[in-house]
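Okay, thanks for making time, everyone. Let me put today's protein up on the screen and we'll walk through it together.

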Amino acid sequence: MTDASSNRQDLPFALRLGAGLVGLEAAALLALAAVEVSSLDYDRLALGFTTTAFFVLYAVALGACAYGLWRCKRWSRSPVVLTELIALGVAFSGDSTVWVTVVLGGLAIATLVCIFLPASTAALTSPPP
């Protein structure tokens, strides 16, 4: 059974863009995991493995949420909002450099705007036919 809200032609551009931005965040987390693996040191082996595992699991979860947004699945919005709010907290903490604040904060704000626009909200909250 297919519902009309998951049809890609009916998907608002803002929701597509938001899903793409979340997918970009997932790819960045996978890149961070690769960097972490490449910099493993014997003195911090356990920390390196757990950090890598965290980045990979978080990337997989964000990838699933991006796919959920692309398919207009209602469940995908809450974890994305939580992730973006955490990213805003990290971006605007006092220890961040300017480029981290601009990139991370800008990406988080853009994603939140995309998924909270009225067309996106309507697409995500409309009941199946």
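So, which residues does Ser-120 touch, not counting residues up to four places away in sequence? Ser-120 touches Pro-12, Ala-14, Leu-15, Cys-114 and Ile-115, where a contact means heavy atoms within 4.5 Å.

Quick housekeeping. This is a predicted model, where local features need pLDDT of at least 70, side-chain atom pairs count only at pLDDT 80 or more, and totals for chains, interfaces and linings use all residues. Residues are numbered from 1 along each chain as its sequence is written, and side-chain values use heavy atoms, with hydrogens and water left out.

Now the overall picture. You've got five helices and zero strands, with helices being DSSP runs of H or I, at least four residues, strands being E runs of at least two, and both numbered from the N terminus. Along the sequence that reads α-α-α-α-α. Of the 129 residues, 35% are buried; buried is under 20% relative accessible area, exposed is over 50%, and partly exposed is in between, using a 1.4 Å probe and protein chains only.

Back to Ser-120, which sits in helix H5, residues 118–125. Is Ser-120 buried or exposed? It counts as buried, because its relative accessibility is 0%. A polar atom of the Ser-120 side chain lies 2.7 Å from the backbone oxygen of Cys-114.

Next, the aromatics. The whole structure gives two aromatic pairs. For a pair, ring centres of Phe, Tyr or Trp (its six-membered ring) lie within 6.5 Å; planes under 30 degrees apart are stacked, over 60 edge-to-face, and the rest tilted. Phe-54 and Phe-55 are tilted, at 6.0 Å centre to centre and 50° between planes. Phe-54 and Tyr-58 have centres 5.5 Å apart and planes at 40°, so that pair is tilted too. Why are Phe-54 and Tyr-58 separated by about one helical turn? Because they're four residues apart in helix H2, residues 45–70. Together, ring pairs link Phe-54, Phe-55 and Tyr-58 into a cluster. Within it, Phe-55 is buried at 18%, while Tyr-58 is partly exposed at 25%.

Last stop, the surface. Phe-92, Ile-109, Val-113 and Leu-117 form a nonpolar patch with about 360 Å² of accessible area together. Patch members have over 30% relative accessible area and no salt bridge, and nonpolar side chains (Val, Leu, Ile, Met, Phe, Trp, Tyr) are joined within 5 Å. Ile-109 is in helix H4, residues 98–116, and is partly exposed at 42%.

Notes. Polar contact = N/O pair within 3.5 Å; in protein donor to acceptor, adjacent residues only side chain to side chain. Patch = residues over 30% accessible without salt bridge, like charges linked within 9 Å, V, L, I, M, F, W, Y side chains within 5 Å. Areas by Shrake-Rupley, 256 points an atom, 1.4 Å probe, with all protein chains shown as cover. Salt bridge = Lys/Arg side-chain N within 4 Å of Asp/Glu carboxyl O.
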